[in-house]
Structure formats: C-alpha cells, structure tokens
Amino acid sequence: IFSGAFLSLSLFYFSLNLSTRKMAACSRISSVPIPYSDEKLERILREVRTIAVVGASRDENRPGHFVPKYLQLKGYRVIPVNPQMAGKQWLGETAVATLKDLPMAVDMVEIFRNSEAAGQIVTECLELPTPPKVIWMQL
C-alpha cells in the first residue's frame, strides 16, 4: 500500500515522469530520513481524504504543482490555496485565497511555502472552526 519511499519526493518525480534533471535534483533531497515510522505514515495517508495545499502552483516545475497532482491521481481531494489563483479552476477544483475561505473542513493542510511563512500558516490552521488532523510541511 504505502511506505516511507512512497512519501519521498523522488517517487513523486518518478511517478509523474518528469525530466532526469529534476530527478537528480530530487535525489539529494530524498536522502534525508523521515522521522516517522512507515506505519504512522501509512495510517495518516489512509485516514486523510481531503487536502488543502497552501502554495499550490500552476508551474509544473514546482513541488506545489506536481505533489498535489500526484496525490489527486491517487484519489485524494486536493483544494488549492493561493491568493493569485483564487476563484480559478486548478486540477478540477476551485482555488481559494486563504485557509479561511475553504468551503469545507479538510483532513490535512500541506504547506508549500518558505519557512518564514510556515508559522503563520500553522496558526491559521489551528484557528479554523475544524482544524485539520494533519499539518504537513516539506523538508
């Protein structure tokens, strides 16, 4: 079903059949160990169905594009959160400007923003009427 390797960015790259250059760049990132057991990650991925992606991107070269696309292909509902895309369709979903604009509660918020923005985004997550079960950030 799922394993730690499933979560590595190198597999996201591979699964989307992106260029060799991108795969080489990713292999340096994916060598960082994931501090959670495979069992814990499998449980998270089994229980999560709806994911808000803060920093969703239309640029196919950015992780904020290809990771959510991969997750959607695997059956997750992905809601893009990006003020520049608000009101527009992206991967079949209408983008929202902020987490407060989400049309429903989500199981997970995945953050594709720089570390300086992450703290405020986590605060926004926790202030939602129904906070997400998981807040996921990239290494």
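These notebook entries record what I looked up in one predicted protein model.

**Entry 1: Ground rules**

I note that the model is predicted, that local features need pLDDT of at least 70, that side-chain atom pairs count only at pLDDT 80 or more, and that totals for chains, interfaces and linings use all residues. Residues are numbered from 1 along each chain as its sequence is written, and side-chain values use heavy atoms, with hydrogens and water left out.

**Entry 2: The chain as a whole**

I looked up the secondary structure and found six helices and six strands. Helices (H or I, at least four residues) and strands (E, at least two) are DSSP runs, numbered from the N terminus. Along the sequence I read the pattern α-α-α-α-β-α-β-β-β-β-α-β.

I then looked up burial. Buried means under 20% relative accessible area, exposed over 50%, and partly exposed in between (1.4 Å probe, protein chains only). The chain has 139 residues, of which 42% count as buried.

**Entry 3: Helix H4**

Which residues of H4 are buried? I found Leu 41, Ile 44 and Leu 45. They lie on the same side of H4, because they cover an arc of only 90° around the axis. The arc is that of the directions from the helix axis to the C-beta atoms.

I next searched for salt bridges (a side-chain nitrogen of Lys or Arg within 4 Å of a carboxyl oxygen of Asp or Glu). The structure holds four of them.

One of them joins Glu 42 to Arg 46, with the closest N and O atoms 3.9 Å apart. Both residues belong to helix H4 (residues 38-47), where a spacing of four residues separates them by about one helical turn. Glu 42 is partly exposed at 21% relative accessibility, and Arg 46 is partly exposed at 46%.

Arg 43 and Glu 47 also form a salt bridge, at 3.5 Å from N to O. This pair, too, lies in helix H4, four residues apart, or about one turn of the helix. Arg 43 is partly exposed at 35% relative accessibility, as is Glu 47 at 42%.

**Entry 4: A salt bridge between loops**

I looked up Lys 133 and found a salt bridge with Asp 107, the closest N and O atoms being 3.7 Å apart. The pair links distant parts of the chain, 26 residues apart. Lys 133 sits in the loop between helix H6 (115-126) and strand E6 (134-137), and Asp 107 in the loop between strand E4 (93-94) and strand E5 (108-111).

Are the two partners buried or exposed? Lys 133 counts as exposed at 59% relative accessibility, whereas Asp 107 counts as buried at 16%.

Asp 107 came up again when I looked up Thr 50, which has contacts including Asp 107, Val 106 and Met 108. Thr 50 lies in strand E1 and is buried, with a relative accessible area of 15%.

Where is Ser 57 found? I located Ser 57 in the loop between strand E1 (50-54) and helix H5 (63-73). Ser 57 is buried, with a relative accessible area of 12%.

I looked for polar contacts, each a pair of N or O atoms within 3.5 Å; within protein, one must be able to donate a hydrogen and the other to accept it, and residues adjacent in sequence count only if both atoms are side-chain atoms. The side chain of Ser 57 reaches the backbone nitrogen of Asp 59 at 3.0 Å. The backbone oxygen of Ser 57 lies 2.9 Å from a polar atom of the His 65 side chain.

His 65 lies in helix H5 and counts as buried at 8% relative accessibility. Beyond four places in sequence, His 65 touches Ser 57, Arg 58, Asp 59, Glu 60 and Trp 90. With neighbours within four places likewise set aside, Ser 57 is in contact with Arg 62, Gly 64, His 65, Met 85 and Trp 90.

Note on methods. Contact means heavy atoms within 4.5 Å.
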